[in-house]
Amino acid sequence: MRLRVILHSDLNNFFASVETVLNPELAGKPLIVCGDPKERRGVVLAKNELAKRYGIKTAETVVSALKKCPHVQRVSTHFGDYRYYSEKVREIYERFTDVVEECSIDECSLDVTASQRMFGGGVEIAEKIRRAVKEELGLTVSIGVSYNKIYAKLASEIKKPDAVTEIPYGKKEQIVYPLPVTDLLYVGKATAQTLSAYGIRTIGELANADESLVSRLLGKRGRLLRKYARGEDDEPVKTKQEKDEIKSIGNSSTLPASLTDREEIKRWFYVLAESVTGRLRDADVGRANTVHIVVRDDNLEDKTWQTKVTPTLLCSDVAQTAYKLFCENWGYGKPVRMLGITVSGFDHYIEQMTIGDVLGEREDYKKKERVEDAVAKIRKKYGFSTLQRGVLFADEKLSGLDIRKESQPRSEKPKIEEKED
Ligand SMILES: [Mg+2]
């Protein structure tokens, strides 16, 4: 068996560190990054090590942070700078391997298996990267080294900031198994609670748990988490090109007759959106940030329009956006022969933290996403037509109509549950 050598690199206190690099006067003092530093009702988006020592947490209000530390320095966000530094760090990674996967703006997975002859073993490469990032950019990273992605990520959390930690093959019982199960990627609060009711509190307890028990508690996802706990993760580090392979997902339909009635047209957009978002879910490429429509008129001439949206997986978002695009661009009363919706701009579940996320503005979205997750599950189990969208009830022909094309193969990767910072 040939073991892989995987690195997981995590920039420490990334936003606050970039702010300090750009403004060295901030160094050595507690610092928070917030939406608007003058606005006391704002929230903390990031903080440095010193602010952490005062007990300041991400997403708490500036007022509350000021109570904990009245002299904390406040700066506003500069996402352009964070993106710039994120790319500079990536360039350093790419000196050692071209197999780099961006997990988020401040985290990457690297496969350095083939780089060892040139640069030394995993730990040696990690040390070289750690030093280069510090010397050249003034930022620090915590790097985990192991033989799979999950353990490398876990190792990167063990010691920080500015550190390299290895979980070597054969050492999982000593290093990994005593850790709380919540340290495992993809195990959030809800999952931990379920497991804890059955006495599973450490990663080792999950690894050694009866497979059928875990499967009964958490389904297919449970079996996968148990494999991860055991270090049996063979998921490859995916380069950007591989992730970008699926660039768009779309569906179109010739209408049974030329339509002019806007309500009818709207229902067709829902049917199409249902099919497109169903395939989007199955493809597991994350949420889409662009909706395109194509409309064919009576002269068989096609027109297309597109617009950006807040990244979404929701049928209702896609249908409403498509219909709005249509209403804004298509002459009233002009007949329609064919309609199509395509979505693109997938985020691959990269959680780009936005101010809206921290403020909880996306809570409502997440609720809707959970509802649609449940709908998708029921349909998988009992058939597509068991659940129908209210908007389609008005039209018997469309109610229960499933025009989904053959689905793309589904990756088994579970979604990330929310974790404490
Ligand atoms: Mg980080």
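Trainee: How do the residues of the lining of the largest cavity divide into nonpolar, polar and charged?

Mentor: They divide into five nonpolar, three polar and four charged. Here Ala, Val, Leu, Ile, Met, Phe, Trp, Tyr, Cys and Pro count as nonpolar, Asp, Glu, Lys and Arg as charged, and the others, Gly among them, as polar. Please note that this is a predicted model, in which local features need pLDDT of at least 70, side-chain atom pairs count only at pLDDT 80 or more, and totals for chains, interfaces and linings use all residues. Residues are numbered from 1 along each chain as its sequence is written, and side-chain values use heavy atoms, with hydrogens and water left out.

Trainee: What is a cavity, then?

Mentor: On a 1 Å grid over the protein atoms alone, it is a set of points where a 1.4 Å probe fits but cannot get out, and lining residues have an atom within 4 Å of a point.

Trainee: What is the volume of the largest cavity?

Mentor: The volume is about 70 Å³, counted as the space filled by probe spheres set on the points.

Trainee: Which element gives the most to that lining?

Mentor: Helix 4 does, with four residues. Helices (H or I, at least four residues) and strands (E, at least two) are DSSP runs, numbered from the N terminus.

Trainee: Changing topic, what coordinates the magnesium ion?

Mentor: Asp10 (OD), Leu11 (O) and Asp106 (OD) coordinate the ion, at 2.2 to 2.4 Å. Donors are N, O and S atoms within 2.8 Å of the metal (3.2 Å for Na, K and Ca), and sites may look incomplete, as water is not among the atoms. Aspartate 10 lies in strand 1 and aspartate 106 in the loop between strand 5 and strand 6, so the pair ties together parts that are 96 residues apart in sequence.

Trainee: Are those two aspartates buried or exposed?

Mentor: Both aspartate 10 and aspartate 106 are buried, meaning under 20% relative accessible area, whereas exposed is over 50% (1.4 Å probe, protein chains only).

Trainee: And why is strand 7 largely enclosed by the rest of the structure?

Mentor: Six of the six residues of strand 7 (residues 141-146) are buried, so the strand is largely enclosed. Val141, Ile143 and Val145 cover one side, and Ser142, Gly144 and Ser146 the other.

Trainee: Which way do strand 1 and strand 7 run?

Mentor: They run antiparallel, joined by six bridges; two strands pair if DSSP finds at least two bridges between them. Strand 7 and strand 8 (residues 163-166) run parallel, with four bridges.

Key. 1 Å grid on protein atoms, 1.4 Å probe; cavity = no way out; pocket = protein on both sides within 12 Å on 5 of 7 lines; lining within 4 Å.
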